[in-house]
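Keep the structure open as you read.

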Amino acid sequence: MKNGKQYDMNLPLWFDGKNINEALFCDEFLGTHKIIFANGAFFTPDGRVTDTLPLRGEIFEELRCCAVNNIPRKINNILEVMKLAAQVEDFPPEADRIHPALCQI
């Protein structure tokens with residue numbers, strides 16, 4: 001219960017019925033998507049994300065269930081929080097791949 005109201009079990013944990021908690025959204029989203037943020041860009045197992053529109057679309061689909069205002073601004077805020085939540089210092093080396101830093105020699 002929050003403020004005398006019972007939590008609706010059908011709502012996502014990141015939505016309290018009125019507001020979206022961007023940090024909780026990112027935690028859940030990153031738990032189901034393999035995304036990291038390094039060197040100023042998002043990366044998936046397929047490589048660097050050069051166009052964030054598909055990522056924004058996935059975020060929008062998750063938010064669609066909730067009646068919220070200013071969805072484009074909310075998506076921008078979520079992407080900014082996601083940069084912090086998905087931040088890694090550097091890529092861990094993979095034995096079967098050439099590290100991007102080696103390609104610049």
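## What counts as buried

A residue is called buried when its relative accessible area is under 20%. Phe25 has a relative accessible area of 1%, so Phe25 is buried. Keep in mind that this is a predicted model.

## Aromatic pairs

A pair of aromatic rings is described by the distance of the centres and the angle of the planes. Searching the whole structure gives three aromatic pairs. One of them joins Trp14 and Phe25. Their ring centres are 4.9 Å apart, and the planes stand at 80 degrees. That makes the pair edge-to-face. Trp14 sits in the segment before helix H1 (22-32), while Phe25 is in helix H1, so the pair ties together parts 11 residues apart in sequence. Trp14 and Phe25 are both buried.

Phe25 also pairs with Phe29. This pair is stacked, with 5.7 Å from centre to centre and 20 degrees between the planes. Both residues, Phe25 and Phe29, belong to helix H1. They are four residues apart, about one turn of the helix. Phe29 has 2% relative accessibility, so Phe29 counts as buried too.

## One cluster

Which residues form one aromatic cluster? They are Trp14, Phe25 and Phe29.

## His33 and its partners

Now look at the loop between H1 and strand S1 (36-38): His33 is placed there. The His33 side chain reaches the backbone oxygen of Phe29 at 2.9 Å. The side chain of His33 also makes a polar contact with the Glu58 side chain, at 2.7 Å.

Note on methods:
Residues are numbered from 1 along each chain as its sequence is written. This is a predicted model: local features need pLDDT of at least 70, side-chain atom pairs count only at pLDDT 80 or more; totals for chains, interfaces and linings use all residues. Side-chain values use heavy atoms; hydrogens and water are left out. Rings of Phe, Tyr and Trp (its six-membered ring) pair if their centres lie within 6.5 Å; planes under 30 degrees apart count as stacked, over 60 as edge-to-face and the rest as tilted. Helices (H or I, at least four residues) and strands (E, at least two) are DSSP runs, numbered from the N terminus. Buried means under 20% relative accessible area, exposed over 50%, partly exposed in between (1.4 Å probe, protein chains only). A polar contact is a pair of N or O atoms within 3.5 Å; within protein, one must be able to donate a hydrogen and the other to accept it, and residues adjacent in sequence count only if both atoms are side-chain atoms.
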